[in-house]
Amino acid sequence: MYQNKTNPSEELARKISLFSEIDFKVIQRKVEKIGIKLDAYREDYLARRISYHFNRSLVSNLNEYFDKLSSDEVFLFDLIDCINVNFSYFFRDFEKFEHLKQFILPLLMNAFQHRKLKVWSVGCSIGAEIFSISFILKSLNYLESANLVASDIDREALLRAKDGKYFLREMRSLPTEYLNYFTECGEKEFSLDQSIKDAVKFYLHDISNLNSLNNNKYHLLICRNVVIYFKKELKEKLYSAFYEWLEPGGILFIGANESILGESKNKFQSLGKQFYRKVI
Ligand SMILES: C[S@@+](CC[C@H](N)C(=O)[O-])C[C@H]1O[C@@H](n2cnc3c(N)ncnc32)[C@H](O)[C@@H]1O
């Protein structure tokens, strides 16, 4: 029997070529009407995510796709969800959190012992990342001495973070010692203890808009698996901004497949496992 064996990269190239530059501009305008800017993202990433949305949307051609984006707001938000991948879970990259507990947090607690430890999770998604840090701080008896904030561009993800309800699959790497902070509230769904939820302030914020920030400085800044989707120039600007937003001696925690780019690269000292200290 004949089998159509398409090479995956050819298949991807075919899907990406579905969108011309003009098509892309049409989509960009529709998305920007509801206040989401697409120019921060890498073109190849956007092409992949929009193609994925198009292919699963059961429309037969691009005109139909554009019409649906204009007439059906739920469909438009579904596209935005496809672009803003919210994938996250508690203690993602477990060994990094071990390093945070054993080495990084004690270092910060010691260096800044007379001050509240200020922590910011950028691109926090559903909150699993910052709540993982809250659990560790709680186990070190330091949660009350910390000021935790977390931000994201995605309203839905923030609502979930504030609600504090999680599915079992999002708790797959959670150490058993923290299970008692959850109560079962549905099928394979668990609600986080109010005392942990109250420790974090969540807010809506677009990190690509570098003009929109105040002058706060942080001791620990976490930005993992967010800038990976951005263009190189913006990544470099963001790493410079992260440097500025850290206190001297403060620490930046980045994603497993990320590295600091641009001129701020030499102003950080690696502390292993994707943690970098502001040294200059
Ligand atoms: C893959 S999730 C990573 C979540 C978490 N940091 C982790 O590593 O588990 C990426 C998050 O970045 C957010 N994001 C994407 N663009 C953003 C922007 N311009 N400003 C703020 N957050 C953004 C997305 O909404 C999403 O929640």
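**Figure 1. Gly-186 in strand E4 of the predicted model.** Gly-186 lies in strand E4, which covers residues 182–186; the structure shown here and in the other views is a predicted model. With a relative accessible area of 28%, Gly-186 is partly exposed.

Figure 2. Leu-220 belongs to strand E7 and counts as buried, its relative accessibility being 0%. Residues up to four places away in sequence aside, Leu-220 touches Leu-100, Leu-105, Leu-108, Lys-118, Val-119, Trp-120, Leu-246 and Ile-251. Ser-121 stands 99 residues from Leu-220 along the chain, with 8.5 Å between their C-alpha atoms.

**Figure 3. Domain 1 and domain 2.** Seven residues of domain 1 and eight residues of domain 2 take part in the contact.

**Figure 4. The largest nonpolar core.** This core comprises 45 residues, and those with the most contacts inside it are Ile-27, Tyr-65, Phe-230, Phe-242 and Leu-252. At least two core residues come from each of the helices H2, H3 (43–56), H4, H5 and H10 (232–245) and from each of the strands E1 (117–122), E7 (218–223) and E8 (246–254). Helix H10 gives the largest share, seven residues. Because domain 1 and domain 2 both contribute residues, the core lies between them. Around Leu-252, with neighbours within four places in sequence left aside, the residues in contact are Leu-221, Tyr-239, Phe-242, Leu-246, Ile-260, Phe-268, Gln-274, Phe-275 and Tyr-276. Another core, of 44 residues, lies apart from the largest one and includes Phe-97, Ile-104, Met-109 and Leu-143. In soluble globular proteins, nonpolar side chains tend to be buried together.

**Figure 5. Packing of helix H2 against helix H5.** The axes of H2 (residues 21–32) and H5 (residues 73–83) come within 11 Å and cross at roughly 105°. The two helices, H2 and H5, are therefore roughly perpendicular to each other. From H2, Ile-27, Lys-30 and Val-31 meet Leu-76, Leu-79 and Ile-80 of H5. Sorted by class, this contact of H2 with H5 holds five nonpolar residues, one charged residue and no polar residues.

**Figure 6. Packing of helix H4 against helix H5.** The axes of H4 and H5 are 5 Å apart, and the helices pack at an angle of about 105°. H4 and H5 are therefore roughly perpendicular to each other. On the H4 side, Tyr-65, Lys-68, Leu-69 and Ser-71 meet Glu-73, Phe-75, Leu-76 and Leu-79 in H5. By class, five nonpolar, one polar and two charged residues form the contact of H4 with H5.

**Figure 7. His-99 in helix H6.** His-99 is placed in helix H6, residues 94–111. A relative accessible area of 18% makes His-99 buried, since buried means under 20%. Neighbours within four places in sequence excepted, His-99 is in contact with Ile-104, Leu-271, Gly-272, Lys-273 and Phe-275.

Technical notes: Residues are numbered from 1 along each chain as its sequence is written. This is a predicted model: local features need pLDDT of at least 70, side-chain atom pairs count only at pLDDT 80 or more; totals for chains, interfaces and linings use all residues. Side-chain values use heavy atoms; hydrogens and water are left out. Axes are lines fitted to C-alpha atoms, for helices over the stretch in contact, and angles run from 0 to 180 degrees between N-to-C directions. Helices (H or I, at least four residues) and strands (E, at least two) are DSSP runs, numbered from the N terminus. Angles under 35 degrees count as roughly parallel, over 145 as roughly antiparallel, 65 to 115 as roughly perpendicular and the rest as oblique. Contact means heavy atoms within 4.5 Å. Ala, Val, Leu, Ile, Met, Phe, Trp, Tyr, Cys and Pro count as nonpolar, Asp, Glu, Lys and Arg as charged, and the others, Gly among them, as polar. A nonpolar core is a set of buried Ala, Val, Leu, Ile, Met, Phe, Trp, Tyr and Cys residues joined through side-chain atoms within 4.5 Å. Buried means under 20% relative accessible area, exposed over 50%, partly exposed in between (1.4 Å probe, protein chains only). Domain bounds come from an automatic or database domain assignment.
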